[in-house]
Amino acid sequence: MENSTGSGLKFSFARNSSYVIPGVYDLSVEDTNWVLTSSFIIFTMQTGFGMLESGCVSVKNEVNIMMKNVIDIVLGGFTYWLFGYGMSFGRGPLTNPFIAIGDFLIDPSVGDPLMGPIFAAFLFQLSFSTTATTIVSGAMAERCNFKAYCIFSFLNTAVYCIPAGWVWGEHGFLHNLGCVDIAGSGPVHLIGGSAAFASAMMLGPRMGRYDDGIDPLPLGNPVNACMGLFVLWWGWLAFNSGSTYGVSGAKWQYAARAAVITMMGSFGGGTSSVMYSMFKNDGRMDVVDLINGILGALVSITAGCFLYHAWEAIVIGIIGSLLTCLTMPLFDKMAVDDPVGASSVHGVSGIWGVIAVGLFADNPVPLTTTNGRRGLFKGGGWYLLGVQSLSVLCLCAWGVLSTFALLWMINKIVPIRMDPNEELLGADLMEHHVRHGQIGISRALSALAPLKTDLVEVKEVPKIGMNPGHENYIDAMKMAEIKLQSWRDYGEEKVREASAKKSTRKLSDLARAVPIFRRRTQTQGEISSEAPRGTFTVSQQVGESGKENPNFAWVD
């Protein structure tokens, strides 16, 4: 039995008549199965983000960006359990419309009738939280101090969790006003994109980024970037379909609709980004335009993923894709260096995704997702569009200002920007002792050696893909081969010298032993250039120096 209050809060008395079950824990067994499975798939999006971001940065920073994605789960996940979940969905007496307080260090006992739903809800929301933090890592790539980023990842949970409570928590003021965001265009992507914009501004551009204009830098590994897109695409289906929060009742129908509408939006975005890129580049397809165009469309469709018709999803995806592709160079003109375009993909497209609900949303009967309201184009009036616009304003302001404040505080403890010399050498070498070959690291080490005295250690770091133990054996074998070849050359030289001396003695003995040989002193003019048949000239074999030798014999 479900009961909905006028404010849109949902409660249930179905499984326990002694107390009210909050909507976030109102999960049947089949709903819990759906939520858990979706959570597992959403976690694979971390792989997609890591591959995409590592493919977009220079090779000497690709390991560093993957380490940041690991840190986002380890530290970000830990703090989400410590306090993040409680700030979004806590049920304490001090909970207010701005922040929830309670359920920190959540760990229900075995006898709690809500143990299963609580754990399922926590895992699902955890997967969203780590995604929001990972969005920021790409914008800070190639020049952020790794230690400072670890602190940022540890504390950035609060940047996401407080506004997530505004939109999804039963206490949240935006939720109570009727804000609709099914899967997180606002709380996840807009907050992540706003934080990415703020962090990129505060860090400043990479060294030399705009020395030759605003054209994009070469990708470190385009194949990795494309593979990352495919993994994100896969995860996005669980991201959106899983946000029906179950498959009981009519939820399974809207879960199926969410999956199809998600794909339709990506089709529209992909098509428009192909056309845009070919028009801009005289018929050539740019990898970044296509990848980010598709991702921008997916972000745009997320807020209302089962509230649209197919053709509406295509239109929303097209607009989201074009907004992404058009704003990336605008941010570069502002000298906001975002290596992966997170500010455009998640920020700008996130804004459009939230507003699109106010324009195109249907009322998903019998679900109470929109509280019976429709979008402006569906005859629902201006109210929903106004609430969605207010949400955009609140989320943008919070994302930018809170990130600025957090990074400012961290910078007082640990510099958030890498040392310029370390930036030239790359974070992989300086932060993780991973040395790549054939990308200019040795050249940079040689150039910086006179300027820095602490490069001795990193100079000895072996290049990746090498087994130092094997290399030592191979070097020893090569040295032995060189020595062996030297001895062979020396032996062959001695043999030639001995042969030459032996041949000289034989000719001398022959001249003394045969009477026909006699010494003759002939001039050069007397020597015939063509020897008669049956004779030979020794001078051709002995050489010019033999003519001055008194033992030299002319043989006719």
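Modeller: A residue is buried under 20% relative accessible area, exposed over 50%, and partly exposed in between (1.4 Å probe, protein chains only). This is a predicted model, in which local features need pLDDT of at least 70 and side-chain atom pairs pLDDT 80 or more, while totals for chains, interfaces and linings use all residues. Residues are numbered from 1 along each chain as its sequence is written, and side-chain values use heavy atoms, without hydrogens and water.

Colleague: Is R209 buried or exposed?

Modeller: The relative accessibility of R209 is 6%. R209 therefore counts as buried.

Colleague: How many residues apart in sequence are the parts that D337 and R209 tie together?

Modeller: The side chains of D337 and R209 meet in a salt bridge (Lys or Arg side-chain nitrogen within 4 Å of an Asp or Glu carboxyl oxygen) at 3.6 Å, N to O. D337 lies in the loop between α12 and α13 and R209 in the loop between α8 and α9, so the linked parts are separated in sequence by 128 residues.

Colleague: How many of the residues of α6 are buried?

Modeller: Helix α6 spans residues 157-168. Its buried residues, including Y160 and W166, pack against α3, α4, α5, α7, α8 and α14, with contact meaning heavy atoms within 4.5 Å. Helix α6 is mostly covered, the buried count among its 12 residues being 11.

Notes:
Helix = DSSP H or I, 4+ residues; strand = E, 2+ residues; numbered from the N terminus. Expected span 1.5 Å × (residues − 1).
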